[in-house]
Structure formats: C-alpha cells, structure tokens
Amino acid sequence: MKKHLLLIVLFISLSAHSQQFTEILKSTAFDRDTTDRYGWDVDISGNFAVIGAYADDFGPVDPNMGSAYVYEKIGPGTWQFVQKLQNSDQDDYDRFGYSVAIDGDFIVVGAYGEDHDENDANNLAKAGSAYIFERDGTGTWNEVQKIVASDRTAGDEFGWCVAIDDSTIAVGAHTEEHDVNGLNPIHHAGSVYMFERDISGVWTQTQKLTHSDRAPDINFPNGYSGEDQSDQFGGSIGVSGDYMIISAHMHDWNETNTSSNWAGGAAYIFERDGTGTWNEVKKLVNYDRRNFDRFGYAVSIDTNWIVVGCYSQDSLAPSGYDGLMNPGAAYIYQRDVGGSWNLDQKIVAGDRNSGDHFGYSVDIENGLIVLGSEQDDHDENATDALTDAGSAYVFSYDGSTWSQLQKIAQDDRGQDDLFGISCAISGDDIVVGAFQHDLDTDSLNEVDDAGAAVFFTADICLTPIASSQSFNECFGFSITVGTNTYNSTGTYMDTLTAMNGCDSIITTDLTIGPDLSQTQNIFRCFGESYSIGSNTYSTSGTYMDTLTAISGCDSIVTTNLSIGPDLSTSNSLTICFGETHTVGSSSYTASGTYMDTLSGSNGCDSIITTNLTVEPQINTNVLQSNNNLTADAFATTYQWLDCNNGMAQISGALAQTYVPTVAGDY
C-alpha cells in the first residue's frame, strides 16, 4: 500500500515594510459644500480616523465655523463614516478642525480662530481653543472638555496645532509672544501648552513651553506685512511617551546661534523627567540649511525616531544643490542607547522637481514614514502631470537605511487638489488629505474646494489569498491542510491564518483510487514453491508483498501459503521366483530398485521407491528309489505335500527323504 503524507502550510511573510499601499476609499463630507476644505488636517489611530474641515459653514455667508468627521475601520480595508463633530459653543470663524489628533478613545480638535475661554466668556479675538472628545461605551464621541491657555491673549491662535499621546495633550499657539512667565514679549515667538488627564478624567494645563533661544526675526523683528517671519514655535508638534518634538519653522539661527539663515527653521526636542516636567534637551537644524528652508514645518515622532519635514529645502540627499527650487526634503533622527538624538539620514523624493514641497506633511510609525508633497504635479508613476495635484511618498526602514517604498496619489486626482496637504499613518493604513479636491466619492458633482481625504492600506487581507489544488492518488494517500487530514475522495475547503493574521482559503479536490490490496490462500505440494513479485516461498506461512500496479499505486498482497505433506515412501520387498509386485500401473518380477510416481487425492504426486528382491527359482525334481522319495533340491527346510488331498502338508515329513505309506502322488 502506497501512502503519502502531504503537509501544506501557507506562509505569508509580507509585512508593512514591503507590501504596497492601495487606495481603498476616497472620503468626502456627506454635507459637502463649497470651500469646506475637508481634509486640511487628518489623523489616524488604530481603527479610527478623524478628518478636519475647518471652513465648514453653518450659515449663508461663509462663516468658517468648522467641523471634523470621524471614520471607523470595520474590517480589513473597510472604513465607514460614523460621526460628525462640532464644538458646543461654535461661532463664526472658529475654524474648528484646523488641527486634529486622535489616540485611542480621545480626539482633540483645535480651533485657532475661537475667541472665548472654556466658559464661553472673555472674548479675545483669535485667542484660540481646543476641544476634547471621548468615545463612550456605545461608540459615540462626546465633547468632554474645552481647553484654553492659562495666559490667553488675543491673536495667540492656540489650537493651531494639537497632538495627543495617551493622557498627554500638547497644543501649539504659534503666534503667542510671551515666555513661560508671561514676560519678554517677542513678536510671534510661539509657545506650546501641555495638558494632562487626572484620575477623575479632567484635563489640566501642567506646563507652558517656549524654546530656549526664542528670538525676533533678524530682518523684521516686529513683523512683516508680506509674510510673518518670526519663530512660530509650536507650528507642528509630535508626542510619543516621554519624548516630544516641537517645530519653529521660521526660526533664523543655527544650532549654536552663531549664524543665521532667514527662516531656515529649527525644531526642539523635549523630554519628560521623573517629576513630569518637560525639558528642552536639543535643538535641531539641518546641516545644509539655506534661507527659507522652513526646516520643521512638519514634524513627527515615534519612540526613538523623529522625522522633520523641510518642504522648501533645495539640496539633494545627502547634500548638493542641483538647481531645483523648493523640491523639499526630510531629515530623520534616531535616539541612541545613551539617550542622544543624532541625524540618521536625509531623504528626498525619487522623482523630485521644483516646487513639489516634499515634506509639507509627515508622519512616522513602526518603520514607515509617509510624507506629503502637496504641490507635486505628477502621479504615482511620475507621469501624467497636473499642476499641484499633489502626491505622497512612503519610506520604509530595513534595519539600516530608509528607502522610498512607494509613491501614492489618488485615483481621480485633479489640478490644484493639493493632495498631501496632510497625512497620517497607523499600522497598515494611511490617510491623506486633499482639501481643494472638488469631486464626490464617485468622482462626480463638482463642488469647488469641498475637499476629500483618501484612505490607503497595505493590509494584504484586502486581496483574499485563495488557491486550489487537485490530487489523484492511490488508496492510502492522506493530505494534511492546516490542522485537517483527509484520506477519502471529496472536495475540501480550509481556512488558514498566516503570520500577519490574514486568512487564506484553500480548496482541495482529492480523488483516492481503489484499494488494490488483496489476500490469497495458496496450496502447494511438498517440494514445490510459490513466487510473487521478486520473492519465492517454499514453506507454509503468511507472507506480505508490496507490488506496484501499472497506475503506479502500491498494493499489499497477503499470501497464506500451505505446503502439503511429504508423500514419498521407500519399501524393501522380497518375492518368490515367479511372483509379481505391482505399484500403480507398474509390475515387477525381477530384483531391482524401482521409482513410481503416484497422484494422491489432493493432486500431489508421491514417489514410491521399491527395493525388490526375487528369490531364485527352486528345483522341484523328486527321485524315487523303491518306496523312498528323495528331493533333488538342497534346502534347509523341507515340507512334503499330498497332491491327492489338495496339496495338504504331510505332518512330520520335513526331511529331504520321505517314505510314503500309501501309494499316491507326492
């Protein structure tokens, strides 16, 4: 019997670092309207994403109150809209949704144009505020608190940027002018406010942060009508555990404050100590800085990695100017085992062109970086140019180097969409904002600057990995798929889970041939043998032989062999002269050795060997002398017979000579 064991194991080792991202959903607001700017800012955390639309209106005169939209991932590659968020004390030009951040069950939404304090009082134009929403047990996001700066003043624009990590919220006020003590005003120097959630669930301001070398603009210390050139510390923030990166993209001075580049930009790393206090530990600037690089316009952090966008940077990576203006770049820093932050790599787009603004938005998580390039003209294949349609780039880390994994663009891209104005990544999912996109989810119904946000995924469960296999095999064949084993004809479907958690369905058509095995009873006569296959047997017993049929299948033949008894005999016989010995059909009258083959009742032959001795012929002459009769033959014994009385023996007549008393024949 031929038996196979086939073990099928499906391994899917694709990871987010090698799998390509695919567009799965273009989202637009269900109540979209002209210039809502849906997608201006986006964020994603696990199964939830939030999309800001800071210019969403609730009146007839374009009041820019703003809103935010929450999406939930309900399955691999499947996102659905679940709720629209608005601030409870909305007013015209609040610009609620200008900045959004999400982590777990909390969303924070910035409204830099909001005028009132946490009690909706004390009107200060554009002092700014932020709103915290919490997801309850029913899945509903509820506004739980409004937060404002403790030293709020008009024009601070608190809420320009927000970040959240666990129970920590950071809010940027990029045009706030005072130091941590409310003194030393510097035009639009900027600041950041830290909030912590206590055990009762209340978020409380714990610290105000400013950078150690806050300084006025080197050319226009009191502002500039053409463009505000001050530091604007707090324009972008990233928080991860006890580490934080805060940008000041209009800062002029180098790392040691010994030379300046107008609006070259800087970013500052803060670390939280054991007392819960955030302390500045390092200032970052790009080593190849030039005027108006705007290093730090966008920043992001993930544990020991920081990425800093520099969308106006002109040089190639790692250095060198090739005549392009504002193609953009990003700088990646890593924290070593000693706690020091060091530049790891400068990256640029593989198809960089002037004005692309690579690095205008950035996000980093788990070995992947997504970077927006909102004024890039070309699609993901670096062809099909549409002015300022925008794109985004994904870079992955292989353990030593960050490399471009993919360029992504929305399927129905259009001119001036500015896709890439915002971006975020979480796990296998990316969302990218295109706040000036005009078309709805079906690429129809053009509404000027209504905005869109596009979801991409590298979740390989999106494309079901289905396979089929057929086997036509011998009896006794078995196949194991996953944890199931099959050994009879049929069609089987098995669901296997790969290392990445995705399921794969395998359909198996199994045909098992007939059982070719058999048992036989064989009888052979003594001296004979039985051959099967390459084996020959000559004694009684049970034998098992494996034979291969024409089909290639094995058959086990069991033979019960019986060998009959040995029927051969040998006899020694003596007969008198003139007698005959008969064996079967043969008769013998002379001395000799004879072999005769006889057939028994069971069909087996028996060989009879006969050693035959024939006595010599006896002399029967009798001599008569008077009444005396003498036997002519010489013998050891004699017996006289009365021929007249039926050859009766004559008692006592045992000698060679006999004297009868009565006349007769003797």
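How many aromatic pairs does the count come to?

1. The count comes to 43 aromatic pairs. The model is a predicted one.

2. Trp40 belongs to strand 3 (residues 38-45). Phe435 sits in the loop between strand 28 (429-434) and strand 29 (452-457). The two residues are 395 apart in sequence, so their pairing ties together separate parts of the chain. Both Trp40 and Phe435 are buried.

3. Tyr112 and Trp160 make another pair. Ring centres lie 5.0 Å apart and the planes meet at 70°, so this pair is edge-to-face. Tyr112 is in the loop between strand 8 (106-111) and strand 9 (129-135). Trp160 is in strand 11 (residues 158-165). The pair links distant parts of the chain, 48 residues apart.

4. Trp160 has 22% relative accessibility, so it counts as partly exposed.

5. Ring pairs also build a cluster. Its members are Phe30, Tyr38, Tyr69, Tyr71, Trp79, Phe81 and Phe455.

6. Arg290 places its charged end over the ring of Tyr321. The distance from the ring centre is 4.7 Å.

7. Ser312 is in the loop between strand 20 (305-310) and strand 21 (329-335). Leaving aside residues up to four places away in sequence, Ser312 touches Phe292, Asp293, Arg294 and Asn326.

8. An open sheet is formed by 3 strands, in the order 40-44-43 and with mixed pairing. Which strands stand at its edges? They are strand 40 (569-575) and strand 43 (592-599). Each has a single partner strand, so one side of each lacks a neighbour in the sheet. From one strand to the next, the twist averages 25°.

9. Within this sheet, strand 43 pairs with strand 44 (residues 605-614). The sense is antiparallel, over 8 bridges. Tyr594 stands opposite Thr610 of strand 44.

Conventions. Residues are numbered from 1 along each chain as its sequence is written. This is a predicted model: local features need pLDDT of at least 70, side-chain atom pairs count only at pLDDT 80 or more; totals for chains, interfaces and linings use all residues. Side-chain values use heavy atoms; hydrogens and water are left out. Two strands pair if DSSP finds at least two bridges between them. Helices (H or I, at least four residues) and strands (E, at least two) are DSSP runs, numbered from the N terminus. Axes are lines fitted to C-alpha atoms, for helices over the stretch in contact, and angles run from 0 to 180 degrees between N-to-C directions. Contact means heavy atoms within 4.5 Å. Rings of Phe, Tyr and Trp (its six-membered ring) pair if their centres lie within 6.5 Å; planes under 30 degrees apart count as stacked, over 60 as edge-to-face and the rest as tilted. Buried means under 20% relative accessible area, exposed over 50%, partly exposed in between (1.4 Å probe, protein chains only). A charge sits over a ring if NZ of Lys or CZ of Arg is within 6 Å of the ring centre and within 35 degrees of the ring normal.
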